[in-house]
Amino acid sequence: MDPNQPAVSMSPFPYPPEYSLEYTTENIKLGRFHYPPQIPKKYKLFGIEYDRDNDKEPSLVDLKIPQLYNSKEDIKKELKKLNKSMIAAYLDLLDVLIRCPSDPERIQRIEQLRLLFINFHHLCNQLRPIQARDNLVAICEDQVIDIIRVTESLRQIVKLGKSDTFDLFKKYITALKERNDKFLKKKKTLIKEKKSIEVQKKVTEDSSKVGHCNDVDMGENDNEENNCIKMENKEGESNIIIEINNDEQLTKKEKKIGNKIARDKQFADIFNDSTI
């Protein structure tokens with residue numbers, strides 16, 4: 001190497017295409033750039049031409065390349081055989097290059113290596129669908145495991161929620177029962193008080209009427225007796241009407257309370273059945 005010549009940096013990767021230099025911010029704003037060329041439908045790999053439109057990989061017979069493996073045997077065994085053959089062919093090539101680099105036998109060894117690599121690559125491509133299927137199976141299994149984990153956590157949350165709601169519902173029912181018991185006790189006491197007051201009123205009215213009737217004349221007594229009887233009848237009728245109305249109101253309240261209690265009991269039974 002000439003010491004006066006400047007050193008050239010070498011990259012293991014290919015350089016970007018020339019049209020990539022046109023993609024600057026100014027050129028993009030002004031639209032002064034060329035669009036990249038379309039991807040070719042056909043390309044070469046290891047000297048073999050492939051077509052992107054044809055999904056099926058062509059066989060070696062179609063490509064007019066000698067097949068060095070047995071297609072009826074297991075692919076793994078054939079890959080191992082090809083791997084050993086490639087190592088042996090590479091060692092033979094090194095031996096030839098050591099003995100005589102210009103020996104024409106080296107071309108035969110290189111061609112032999114080329115055929116071995118093409119066959120090995122072709123067998124690997126045949127395993128691609130199996131690899132893709134196994135990857136999909138693994139992804140599906142992971143998804144199933146995640147779903148099972150989530151469902152179990154949700155079931156635990158539902159159980160905790162049911163237990164909490166059941167406890168709250170029990171407290172609610174006990175509070176309702178206590179309130180209903182208090183209401184019934186108050187109702188009974190009020191009825192007793194009303195009856196005692198009515199009895200006292202009747203006694204006082206009867207005593208006052210008897211004393212008043214003894215002081216007046218007979219004629220007046222007759223009129224007053226008739227009036228008293230009429231008043232008593234009216235008062236009795238009014239008291240009966242008031243009692244009937246009060247009883248109707250109480251029966252309506254009792255019916256409402258009874259309906260609420262029955263509904264709460266039904267709901268509690270349904271909730272108990274669902275928890276069991």
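Q: If helices (H or I, at least four residues) and strands (E, at least two) are taken as DSSP runs, numbered from the N terminus, in which helix is N119 found?
A: N119 is found in helix α3, which spans residues 105-126. This is a predicted model, in which local features need pLDDT of at least 70 and side-chain atom pairs count only at pLDDT 80 or more, while totals for chains, interfaces and linings use all residues. Residues are numbered from 1 along each chain as its sequence is written, and side-chain values use heavy atoms, with hydrogens and water left out.

Q: Why does N119 count as buried?
A: Buried means under 20% relative accessible area, exposed over 50%, and partly exposed in between (1.4 Å probe, protein chains only); N119 has 0% relative accessibility and therefore counts as buried. Leaving aside residues up to four places away in sequence, N119 touches L60, P66, Q67, L68, Y69 and L82, where contact means heavy atoms within 4.5 Å.

Q: What makes Q67 partly exposed?
A: The relative accessibility of Q67 is 33%, so this residue counts as partly exposed. Q67 lies in the loop between β2 (48-51) and α2, and its contacts, again not counting residues up to four places away in sequence, are L60, V61 and N119.

Q: Why are α2 and α3 called roughly antiparallel?
A: Axes are lines fitted to C-alpha atoms, for helices over the stretch in contact, and angles run from 0 to 180 degrees between N-to-C directions. Angles under 35 degrees count as roughly parallel, over 145 as roughly antiparallel, 65 to 115 as roughly perpendicular and the rest as oblique. The axes of α2 (residues 75-99) and α3 come within 9 Å and cross at roughly 160°, and the two helices are therefore roughly antiparallel to each other.

Q: How do you know where the prediction is least and most confident?
A: The predictor's confidence in each residue is given by pLDDT, from 0 to 100. The lowest mean, 52, belongs to helix α5 (residues 218-275), and the highest, 91, to α2, whereas the protein as a whole has a mean of 75, with 69% of its residues reaching 70 or more. Over residues 232-238 pLDDT stays under 50, and there the model has four contacts beyond four places in sequence. Where pLDDT is low, the predicted coordinates should not be read in detail.
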